[in-house]
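Thank you all for coming; I would like to take a few minutes to walk through one structure with you. Please have a look at the picture first, and then we will go through it part by part.

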Amino acid sequence: MAGAQQAVVTTQGLQALLDALKARGFRVIGPTVRDAAIVYDDIASLADLPRGWTDEQDGGRYRLRRRDDDALFGYAVGPQSWRKFLHPPTQRLWSATRNADGVTVTPEPRANERLAFIGARSCELHAIAVQDRVLMGGQYVDAGYRARREGVFAVAVNCGTAGGTCFCVSMHTGPKATLEYDLALTELIDGPEHRFLVEVGSDDGRAVLAELPHRAATRADTDAAEAVIARTAASMGRTMRSDDVAGLLARNLQHPRWEEVAGRCLACANCTMVCPTCFCTTVEDMSELDGSATTRTQRWDSCFTMDHSYIHGGSVRPSGRSRYRQWMTHKLSTWWDQFGTSGCVGCGRCITWCPVGIDITEEVAAIRGSDKG
């Protein structure tokens, strides 16, 4: 926001931020270490954060290791995104019961809890903006998504570490947060001094900051924060030219590379499960054996499953080649036609969590290398 206020807080101020959000009735969610990964879960104090941990990522590889400092946000991104909380993997839509008087249908109540996201990265905030456009921006609005999304308080963290599969600079989505946040932090560690430059992004953020112990930012603070962001931007693990990729893929739908990558692809759907912008779902009805009750549930689906494109007579995309092509061309090309934006934010999760290390940036480069357009 123009003329945004900047301040500096210590780790004590960060704890005060968590306390202030809880006092306002927010469910506070942030990064924590579980099952040898950094995941998003409920947090109560700084002790829950991944202090001193970082991640090593490459195609089909993710490992945690210790840092040589006490950074609280010294990692890239883990297997989860905020989509899990805004567009849950499974949600009941309605239930129905039958009795002597007939059938009663009860819609599932809308979410009413207010969510506070701690540590959201710029690529993830762009992903939330993409899902806003998909699920709230058109004629048909996902009411459940809107109910969860409208109350979010977002505390962004500007990235101080680039992951081995990150390419947000290529997609113009990071590493500095520029949208959809209430407060943005840049973590600064100079020897024993551990502080955070805070930038206000909304009136709500300004009101919360006023309650925290803080001091005004100095030129030295802002210069140090800019240096962190510049260093991260210069150390991306991947790159992908994105200015013409929509047209590139559109004119190469019969490229032999699709067959080559299909020979490796397991159609496991990992890439779509970890992607922060994917939104495909399916609906399942489950009934009691005696017919007394039924529930309808929505769950995540993937364009890599045979059933996803099934219509009367069979699947529209029966081969791995056609399903991988659908995923990649939709993400990078036809998403523009539908929603006016890219469906990729350069977080690199699809590369890291692919069991065989298929790399979307490598696939684009291979098609570009023999493009006749």
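This is a predicted model: local features need pLDDT of at least 70, side-chain atom pairs count only at pLDDT 80 or more; totals for chains, interfaces and linings use all residues.

In the loop between β2 (26-34) and β3 (37-42) sits A36, whose phi is near 60°, a positive value in a residue other than glycine. The loop between α9 (257-262) and α10 (270-274) holds A267, which is not a glycine either and yet has a positive phi of about 50°. Are these two exposed or partly exposed? A36 counts as exposed because its relative accessibility is 59%, whereas A267, at 27%, counts as partly exposed.

Let me turn to the overall layout, in which the chain is divided into domain 1 (6-96 + 106-234) and domain 2 (245-278 + 302-369). Their C-alpha centres lie 27 Å apart, and the contact takes 27 residues from domain 1 and 26 residues from domain 2. Between them the two domains bury about 2100 Å², with 62% of it on carbon and sulfur atoms. On the side of domain 1, the residues that lose the most area to domain 2 are R83, V130 and F167, which together make up 26% of what that side buries.

Now to the inside, where the largest nonpolar core has 33 residues, and where L14, L21 and F73 have the most contacts within it. Helix α1 gives the most to this core, with 5 residues. A second, separate core of 27 residues includes F167, V245, C275 and L332.

Finally, which residues of helix α6 (residues 203-210) are buried? They are G205, V208 and L209, and because they cover an arc of only 100° around the axis, they lie on the same side of α6. On the other side of α6, D203, D204 and A210 are exposed. Among the elements that cover the buried residues of α6 are β1 (6-10), α1 (11-23) and β9 (153-157).

Key. Residues are numbered from 1 along each chain as its sequence is written. Side-chain values use heavy atoms; hydrogens and water are left out. Buried means under 20% relative accessible area, exposed over 50%, partly exposed in between (1.4 Å probe, protein chains only). Helices (H or I, at least four residues) and strands (E, at least two) are DSSP runs, numbered from the N terminus. The arc is that of the directions from the helix axis to the C-beta atoms. Contact means heavy atoms within 4.5 Å. A nonpolar core is a set of buried Ala, Val, Leu, Ile, Met, Phe, Trp, Tyr and Cys residues joined through side-chain atoms within 4.5 Å. Domain bounds come from an automatic or database domain assignment. Buried area is the accessible area (1.4 Å probe) that two parts lose on being put together, summed over both.
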